[in-house]
Every structure is written in C-alpha cells, then in structure tokens.
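Colleague: Could you take me through one part of this model at close range, the aromatic pairs and what surrounds them? I would enjoy one connected account.

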Amino acid sequence: MSQENCNIESLIQFGRNNGKHWDAISNATELTKTDKATIQSVIQADGLDYLSEDNDLVVFGSIARGEVTSGSDVDWTLLVDGQVNSSRNFQMASLIQNGLKKKNLKDPGPNGPFGNITFSHDLVHYIGGQDDTNHNLTQRSLLLLESAIISGNDNPRTGTAYDRVLMAIIEQYIDNDSGYRVNNPNPHFAPRFLLNDVVRYWRTICVDFAYKQIEQEGNKWAIRNFKLRLSRRLIFLKGFLICFYCYLNKLTKEPAKQKLFELVKLNPLGLVFCILSDPKLNIKQEYILNLFDAYNQFLTKLNDSEFRKSLENLKIENAYENSMFLKSREISSQFHSALSAILFEQDNDLKEFIHKYGIF
C-alpha cells in the first residue's frame with residue numbers, strides 16, 4: 001500500500017479510470033477546503049494564533065472526513081494536553097465558538113461531545129472500566145477515526161498536542177495488548193485491544209441510535225438512520241481496516257505503533273479505498289466501484305436541501321410511505337451489499353482476519 005495514494009484525489013481518479021464521475025465526493029472535498037480556510041481565518045481574526053504546543057483546535061465529522069455538504073455543521077473541540085489554565089482555556093473556547101457564529105458556520109448539536117474543551121487525561125487513561133463513559137469513548141474513538149487538526153504550534157521538540165495525544169492513545173492500546181508482549185511465543189500481529197474498542201464504539205453508536213429515537217421522540221430519526229448506515233459505518237470500517245493492516249503486514253510492537261499513528265490521520269474514504277485496492281487482496285473492482293458509487297449518492301442527497309429537510313422532518317410511522325426515505329434505504333442497501341461482497345465473498349487475508357478476530 002502506497003500511503004501517497006491514500007487520499008480522496010486518488011479515489012476520484014480511480015473512478016474516472018473506470019468510467020465513474022463521483023462529483024459529489026469531489027465537490028465535498030472542495031467545500032471542506034473552504035470551511036477549513038474559514039475556521040483558520042476565525043483563529044487569526046480572534047487572536048487565537050497564540051495556541052501553544054499544549055492545545056490544538058481539532059475538528060471531527062464531515063470536515064474531518066472531507067465530506068462537507070451544504071447542511072454540514074462544525075464539530076470541534078479545543079484539545080488540551082498540558083498544564084491546565086482554566087480561565088485561558090475557556091476564554092479560547094469561547095472565542096472559537098463566537099468566531100464560528102460570526103462566520104455563519106453551523107453549531108454542533110447541543111447534546112453532543114463537541115463545541116467545548118477536551119482534556120487529554122481521560123482519553124488516554126480511561127480505556128475501558130467504569131470511568132470510560134460514552135462521552136469519553138466517543139471522543140477517543142472519533143479522535144482516531146475521523147479527526148483533523150486545524151491549528152497548532154508544531155514544536156519540533158514536543159510536537160503538537162494533537163499528535164501527542166494520538167500517539168499516547170495508540171501506545172495504551174498496543175503496550176497493554178498481550179499479543180505484543182516480547183515473550184509471547186505465538187504473536188498474532190492483530191491489535192485486538194484496539195479492534196475490540198473499535199467494535200465496541202460501533203455497537204455503542206447503534207445502541208445510542210435506538211436510545212435517541214426514544215429520547216427525542218423520533219425527531220430527525222430518518223436523517224440519523226441514513227448517516228448511521230453510511231458515514232458512521234465508514235468510520236467503523238476505517239478502524240477495522242487499520243487493525244487489519246497490522247495483521248496483513250505482520251507488524252511487531254513498535255512498527256505497529258508508528259503505522260497506526262500514520263493511518264489514523266488519513267481521511268476515511270482515502271484510507272478505505274487504499275487498503276481495499278491493495279493487490280494482495282485481489283478484491284473485484286466491481287465491488288469497490290459499487291461501494292463508492294453508493295457513497296457518492298449519499299453525499300449527493302445530503303447536499304440536496306429538499307431531500308435533507310424531508311428526512312429531518314419525517315416521522316417514523318410515515319417513513320415507508322415516503323419516496324425520499326425509500327431512496328435513502330436503496331442507497332444504504334447498495335453500500336451494505338457492496339461491503340458484504342468485499343468482506344465475505346472472496347477468499348483472501350481480509351476474510352481470514354474477519355473469521356479470526358471479527359466476532360470473538
């Protein structure tokens with residue numbers, strides 16, 4: 001796998017080479033660049049360019065995935081890794097929040113884990129156990145699966161807060177995985193501690209989807225269902241595949257840490273394309289094309305304000321009488337079918353990995 005090709009541009013070119021024009025993916029990439037530039041201008045305008053190596057502005061969601069559409073919001077956090085200065089940290093977070101509002105960028109959801117300050121300690125030290133709350137699990141998982149740094153002081157001695165926290169989390173997963181112990185006579189090369197947490201996060205999303213359906217009385221149920229079946233599934237796939245990469249290449253302890261650090265920072269669409277198109281796997285191009293065809297349709301519909309509004313306002317009891325909801329199901333079913341074919345219909349190392357580690 002050539003990491004230089006693990007990007008959306010390579011995916012789009014692959015599509016063109018096979019007669020596909022994934023304009024929605026391409027347009028979302030350009031909108032993402034615009035939003036990132038706008039956020040950067042907020043930082044400069046409000047004097048936040050004094051962000052130190054102790055803190056970074058990190059974005060998640062569609063911006064981090066390179067999938068911004070007209071209805072996207074800005075999921076962000078001020079990541080702090082260093083000595084706590086509560087007044088300064090909260091002042092900076094307030095400046096970021098107010099600056100984004102001035103630019104008419106959409107706020108993150110009020111009940112989610114974004115739009116605030118995140119301290120590194122819990123992310124690194126509470127992996128599992130009663131202190132690993134849903135909030136903590138969500139922030140840690142998304143930091144690994146769909147995050148991007150907007151600003152930071154790249155100090156050559158200490159690195160950015162973002163980089164340090166990512167590596168510290170990865171070290172916790174690998175250093176505490178018995179499969180990587182030096183005296184293990186049968187190393188398995190699969191980061192099972194990390195893999196189990198990726199699976200746990202995916203299942204938590206699914207359970208929380210059902211809970212929100214009850215809590216919010218079905219509000220925005222259909223749009224959240226559409227996202228669950230595509231973009232949420234995509235980031236789970238990224239997490240699964242970075243673990244598979246370590247297994248496929250028989251990476252020992254220290255090489256696994258370094259490679260995971262590189263892979264988690266890659267865009268989900270680009271990384272998934274890159275690993276699935278690895279010649280070692282010999283996955284049929286038809287399956288890969290169908291997968292990204294469906295994802296392009298997904299982004300097309302999210303960028304359609306009428307379609308999006310219809311799903312946001314749709315009540316559960318009327319869902320299967322609504323043509324737009326049925327279209328969303330058709331797209332998500334195509335994505336699911338393509339993914340199932342990729343994972344289960346060919347005998348290769350990926351199928352072997354799933355059988356060995358995907359369930360038990």
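Modeller: Happy to. Let us begin with F226, which counts as buried because its relative accessibility is 1%; buried means under 20% relative accessible area, exposed over 50% and partly exposed in between, with a 1.4 Å probe and protein chains only. A word on the source: this is a predicted model, in which local features need pLDDT of at least 70, side-chain atom pairs count only at pLDDT 80 or more, and totals for chains, interfaces and linings use all residues. Residues are numbered from 1 along each chain as its sequence is written, and side-chain values use heavy atoms, with hydrogens and water left out.

A search of the whole structure finds 19 aromatic pairs. Rings of Phe, Tyr and Trp (its six-membered ring) pair if their centres lie within 6.5 Å; planes under 30 degrees apart count as stacked, over 60 as edge-to-face and the rest as tilted. F226 and F307 form a tilted pair, with 6.0 Å from centre to centre and 55 degrees between the planes. This pair links distant parts of the chain, since F226 sits in helix 9 (residues 221-248) and F307 in helix 13 (residues 305-313), 81 residues apart. Helices here are DSSP runs of H or I with at least four residues, strands are runs of E with at least two, and both are numbered from the N terminus. F307 is buried because its relative accessible area is 3%.

Helix 9 also holds a pair of its own. F244 and Y247 form a tilted aromatic pair, 6.4 Å centre to centre with 35 degrees between the planes. Because they are three residues apart in helix 9, about one helical turn separates F244 and Y247. Both F244 and Y247 are buried. They also belong to a cluster: ring pairs link W202, F236, F240, F244, Y247, F353 and Y357.

Next, the loops on either side of helix 9. K220 is in the loop between helix 8 (192-215) and helix 9, and its phi is near 60 degrees, a positive value in a residue other than glycine. K220 is partly exposed, because its relative accessible area is 43%. K250 lies in the loop between helix 9 and helix 10 (253-264). K250 has a positive phi of about 50 degrees although it is not a glycine, and K250 is exposed, with a relative accessible area of 55%.

Of its 360 residues, 52% count as buried. The radius of gyration, taken over C-alpha atoms, is 20 Å. Along its principal axes the C-alpha trace spans about 60 × 55 × 40 Å. Among contacts (heavy atoms within 4.5 Å) between residues at least 6 apart in sequence, 75% join residues at least 24 apart.

V80 is in strand 2 (residues 76-80) and counts as buried at 3% relative accessibility. Leaving aside neighbours within four places in sequence, V80 is in contact with D54, N55, N89, I117, T118, F119 and S120.

How values were computed
Rg over C-alpha atoms; globule rule 2.2 N^0.38 Å.
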